[in-house]
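Welcome, and take a moment to look around the model below. We will walk through its inner space, its ring pairs and its charged contacts.

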Amino acid sequence: MQLNDSNYWLTTAAMPSGTAGEVPARTDVAIIGAGFTGLSAARTLAKRGVNVVILEANSIGWGASSRNGGMVLTGLKLSPETLSNRYGMELTRKMYAASLASIDLVEQIVRENNITCDFSRCGHLEVACKPSHFDSYARSVETIAREFNHQLRVIPRVELADEIGSSIYHGGIVDDSSAGINPARYVSGLAAATLTTGARIFHNATVQQIAPASNNGSRSLTLQTTRGNVKADNVLIATSGYTSSATPALRKKIIPIGSFIITTDPLSDSLARELSPRNRMIYDSKHYLYYYRLTPDNRMLFGGRAAFFPETKNTIRRSAEILRRGMIDVFPQLRDTKLAHAWGGTLDFCFDTMPHSGQMDGIYYALGYAGHGVAMATYLGAKIAEHICGDETDIPFSAIPFPGAPLGLYNGRPWFLPFAGAYYKVLDWIS
Ligand SMILES: Cc1cc2nc3c(=O)[nH]c(=O)nc-3n(C[C@H](O)[C@H](O)[C@H](O)COP(=O)(O)OP(=O)(O)OC[C@H]3O[C@@H](n4cnc5c(N)ncnc54)[C@H](O)[C@@H]3O)c2cc1C
């Protein structure tokens, strides 16, 4: 297959340049990572008059924030049933409410700052790969209406043609409040908005180590970076799936997993409408799921966890082939359509598949979005920033345990990914 190994979204967006000059010797808060989490936190802090610096190893938006599917989804990665069994209904209600508030926050930031990123409340569609998956939908919709006062709709198989031009599914669920976005334009606009608040963003500034320091007798931290040292009263880690040995304790809690995307050439209006009549954000019900949508210029964007390891030239090439076959299984109409782009990015899974925010060894963090982070990263970044400012925040993801690997058998290098990949394939086959 001849294709351009590149991220389609980046062909539509230009990132602002970072702050020029030397990194400062000291700051109130240093944030590591210039994606949705770090930028949203910096914007919130700087608007409150806090002196804040973002240190980014690559460039603004270089991580998952510019590489994702742009699906701004309600809910969490885990189902409400799993969440309430694990954490109880009261905490689950707060988590669900946070997921809804996170989409409102993205919308508010986009509107306030006139970010042209095609934000649209087009809704999402989950499609059932097996009759048994569809059977569970009615119960889920009923629980969500009763417990969270949020309305979803079950779409029986006979009505699915109004939602999707594919005949392989057994029905679906629609949530009209989810949205779609161009993530690269959003992260670029969020960075521009953050810079106007007075926050400074230094790129090519890899944090290599964080060490305790003292600041006139009070505790502070020194960050050693490739652009010099910065002393900070507080540090926030916003490094998601790219969390490195600079923060070893956190790295042991994050499993970096690859996710990959292809796009086709632009489709005709009539074919685009046939495949996705309501322009929904769509994903299927498997563990090894596919997610797909149209781009604003009518390309089919089709993603999945095709290879489990993070992005390299090889995993991108192999994934593009697997995803193309998957896309044609869903939409045989695309058999002769050319692919234009293929790229990958790294997801941050925690051992409990939950987002987490809080403080570890005196350092703040917000991560663990498990592929559900466009809105949640924006939200948790803002919330942890409010917490750093001393606000009484009630963040449900700070109130849950943050588990490490079973038996501690993990040093941050995910040797078990091939086994996990095989396990989920078997699970999709039997369940
Ligand atoms: C292919 C793909 C598809 C996805 N699709 C969706 C989707 O459709 N919907 C959804 O909700 N979510 C999706 N996600 C997840 C979502 O993109 C992420 O959860 C979100 O972008 C995380 O943002 P972040 O700011 O926390 O991290 P990132 O955007 O990953 O930023 C982390 C940054 O930290 C920097 N960094 C790391 N270590 C250091 C260091 N030592 N020093 C300095 N800088 C450092 C990195 O360079 C990087 O820029 C997807 C993710 C991927 C990869």
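**A walk through the model**

Sorted by class, the residues lining the largest cavity are seven nonpolar, three polar and one charged (Ala, Val, Leu, Ile, Met, Phe, Trp, Tyr, Cys and Pro count as nonpolar, Asp, Glu, Lys and Arg as charged, and the others, Gly among them, as polar). The model is predicted, so local features need pLDDT of at least 70 and side-chain atom pairs count only at pLDDT 80 or more, while totals for chains, interfaces and linings use all residues. Residues are numbered from 1 along each chain as its sequence is written, and side-chain values use heavy atoms, with hydrogens and water left out.

Let us stay with that space for a moment. Rolling a probe the size of a water molecule over the atoms shows where empty space is left. Here a cavity is a set of points, on a 1 Å grid over the protein atoms alone, where a 1.4 Å probe fits but cannot get out, and lining residues have an atom within 4 Å of a point. Grid points are joined across faces, edges and corners, and a volume is the space filled by probe spheres set on the points. The count is one cavity of 30 Å³ or more. The largest cavity holds about 40 Å³ of space, and its lining includes L76, K77, L78, Y369 and H372.

Next come the aromatic rings. A pair of aromatic rings is described by the distance of the centres and the angle of the planes. Rings of Phe, Tyr and Trp (its six-membered ring) pair if their centres lie within 6.5 Å; planes under 30 degrees apart count as stacked, over 60 as edge-to-face and the rest as tilted. By this rule there are nine aromatic pairs. The ring centres of Y96 and F148 are 4.4 Å apart and their planes meet at 15 degrees, so this pair is stacked. It links distant parts of the chain, with Y96 in helix α3 (residues 89-112) and F148 in helix α4 (residues 131-148), 52 residues apart. Helices are DSSP runs (H or I, at least four residues), numbered from the N terminus. Both Y96 and F148 are buried, where buried means under 20% relative accessible area, exposed over 50% and partly exposed in between (1.4 Å probe, protein chains only).

Helix α4 also holds F134 and Y137, three residues apart, or about one turn of the helix. Their rings form an edge-to-face pair, 5.9 Å centre to centre with 70 degrees between the planes. Y137 has a relative accessible area of 4%, so it is buried. Elsewhere, ring pairs join Y290, Y292, F302 and F331 into a cluster.

Finally, look for the salt bridges, each a side-chain nitrogen of Lys or Arg within 4 Å of a carboxyl oxygen of Asp or Glu. The count comes to 19 salt bridges. In one of them, D394 meets K94, with the closest N and O atoms 3.2 Å apart. This pair links distant parts of the chain: D394 is in the loop between α9 (374-388) and α10 (417-430), K94 is in helix α3, and they are 300 residues apart. D394 has 54% relative accessibility and therefore counts as exposed, whereas K94, at 32%, is partly exposed. Another salt bridge joins D284 and K286 (2.6 Å, N to O). D284 counts as buried because its relative accessibility is 2%. A network of salt bridges links R153, E163, D176, R278 and R280.

Definitions and conventions: Helix = DSSP H or I, 4+ residues; strand = E, 2+ residues; numbered from the N terminus. 1 Å grid on protein atoms, 1.4 Å probe; cavity = no way out; pocket = protein on both sides within 12 Å on 5 of 7 lines; lining within 4 Å.
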